[in-house]
Structures are given as C-alpha cells and as structure tokens.
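Open the model in your viewer and keep the sequence panel beside it. Select the residues as each stop names them.

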Amino acid sequence: MSHHDDRGPDSTNDSAEQAALPATGDEHRAAPAVPAGADPARDDDPRGEEILEFWETARVRAGEGKVGVVTGFGISATVPPPAWSFGDNPALADGLLAAVLSGDKTATSSSHWEYGDDVPLPLVGELSIILDGDGHPRALIRTTSVEVVPFDQVTADFAAAEGEDDRTLESWRAGHREYFTRVLVGHEFREDMPVVCERFELRFPRQR
C-alpha cells in the first residue's frame, strides 16, 4: 500500500500534507516484482535496470555498501533485495508509499495464508525496495520486527504504526476486514485469521 506519484530516488517528504489514508490492509509480499537473488538486469524485465540503479544509490546512502549479506538470503550486496509495492492497486500503492516517505507509516500487515514455500515470511534485518503504483523504485526499508498474531489480537499500537485513516484500532479492523475479505484466495476472512505484523524503518531516502 502506498500513496503518491513522485519519481526518482531523491524524492522525500512531498506527501506530508496529504489527507489521512483510509485503512485498507497491506498484503504486499505475495508477489514481489523482483525476488531476491534474481537478475534485475535481465532482458525480459524492463524495470530491472531502473531498480538496479536505485539500489546502487540507496545502498551507499543507507550505509549498506560494505555489507555482503543484506537481505537474509545470503546474496551479494550488488544484487538488489526484493522489490514490491503495497496494496492491490496502483492508487493504494502510491498512497501507502507516501505515508512511508513522510514517516507516518512504519508497519505493514498481511495474511499469513499468503506465505509458503515460494514466499517466505519477512525476516528481521531484511531489506526491501518499495515501488510506486507505476512500478518505479522509490524507497528502501529494513524490517525491524515480525510477529504473527490473530486478527482480533492486533494491538492499537500496531494499528497506529500502520499510519492509515485515524490510526485507531477500530478503523484498522474495519479497513483490513474489508481488504482481506476482498483479496483472500482459497480462504475466508475470520476474526482469528493469522496476520503477519511487520515493523520497518525507512533507510532511503532519509527524512530531511
């Protein structure tokens, strides 16, 4: 999930004056655009070169240039980490991205059911490149904590950290209940469904 349309690695806090973002749920890692370990510059990936250029700048600015293993997958620091966007549509991707860039959003949640052998749970210390709604790389984040809890046990503190709507637990539950009901495949929403609650820090661009 994300929210605005600036381009390039130097854009930062342009979205700070936007209206509060509706609570809508994240569900981000089920379909990474460029998985860790993949060749980002392969000929059949038009975004690969742009992502690679962003990573080369971001890893140096974020102090990751001398780290050999940066994503938890044992790959070289020259290979970008997974790249993905928030939400299930471009507008949502842009909206939540803007909240990340402004510092309002420092957490994200997704259904545990969407993970498996091909899509492992996020790891503490893992880096991710966040794309905007058009697939352009805009931010580098690092996961700081991961917890799987039932939907109805997500805390008010975590809901506030997601930075959506009025940041209350009530609005988080209403928005995410609607979102999960809409996007889940092979499962029906339940109040006790397992939710992956992930917190992260923005590594690049730095807030000014």
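The tour goes from a central strand to aromatic rings and then to salt bridges.

**Before you start**

This is a predicted model: local features need pLDDT of at least 70, side-chain atom pairs count only at pLDDT 80 or more, and totals for chains, interfaces and linings use all residues. Residues are numbered from 1 along each chain as its sequence is written, and side-chain values use heavy atoms, with hydrogens and water left out.

**Stop 1: strand β3**

Select residues 127-131, strand β3. Helices (H or I, at least four residues) and strands (E, at least two) are DSSP runs, numbered from the N terminus. Is β3 enclosed or open? 5 of its 5 residues are buried, so the strand is largely enclosed by the rest of the structure. Buried means under 20% relative accessible area, exposed over 50%, and partly exposed in between (1.4 Å probe, protein chains only). Check both faces: Leu127, Ile129 and Leu131 are buried on one side, Ser128 and Ile130 on the other.

Strands pair if DSSP finds at least two bridges between them. β1 pairs with β3 in the parallel sense, over 2 bridges. β4 runs antiparallel to β3, joined by 5 bridges. Centre on Ile129. Its bridge partner in β4 is Leu140, and Ile129 is itself the β3 partner of Ala83. Then follow the hairpin of β3 and β4, with 5 residues between the strands; Gly135 there takes a positive phi near 90°.

**Stop 2: aromatic rings**

Select Phe, Tyr and Trp. Rings (the six-membered one for Trp) pair if their centres lie within 6.5 Å; planes under 30 degrees apart count as stacked, over 60 as edge-to-face and the rest as tilted. The whole structure has 7 aromatic pairs. One of them is Trp84 with Phe86, edge-to-face at 5.1 Å centre to centre and 90° between the planes. Trp84 is buried at 1% relative accessible area, and Phe86 is buried at 0%.

Next, show Phe151 and Phe180. They are also edge-to-face, with 6.3 Å between centres and 80° between planes. Phe151 lies in the loop between β4 and α3 (156-161) and Phe180 in helix α4, so the pair ties together parts 29 residues apart in sequence. Both Phe151 and Phe180 are buried.

Lys105 lies over the ring face, 5.4 Å from the ring centre. For this, NZ of Lys or CZ of Arg must be within 6 Å of the ring centre and within 35 degrees of the ring normal.

**Stop 3: salt bridges**

How many salt bridges does the structure hold? There are 11, each a side-chain nitrogen of Lys or Arg within 4 Å of a carboxyl oxygen of Asp or Glu.

- Glu64 and Arg142 meet at 2.3 Å, N to O. Glu64 sits in the loop between α1 (48-61) and β1 (83-84), Arg142 in strand β4 (residues 137-150), 78 residues apart. Both are buried.
- Arg182 and Asp88 meet at 3.0 Å, N to O. Arg182 is in helix α4 (residues 169-183) and Asp88 in the loop between β1 and α2 (90-102), 94 residues apart. Arg182 is partly exposed at 46% relative accessibility, as is Asp88 at 37%.
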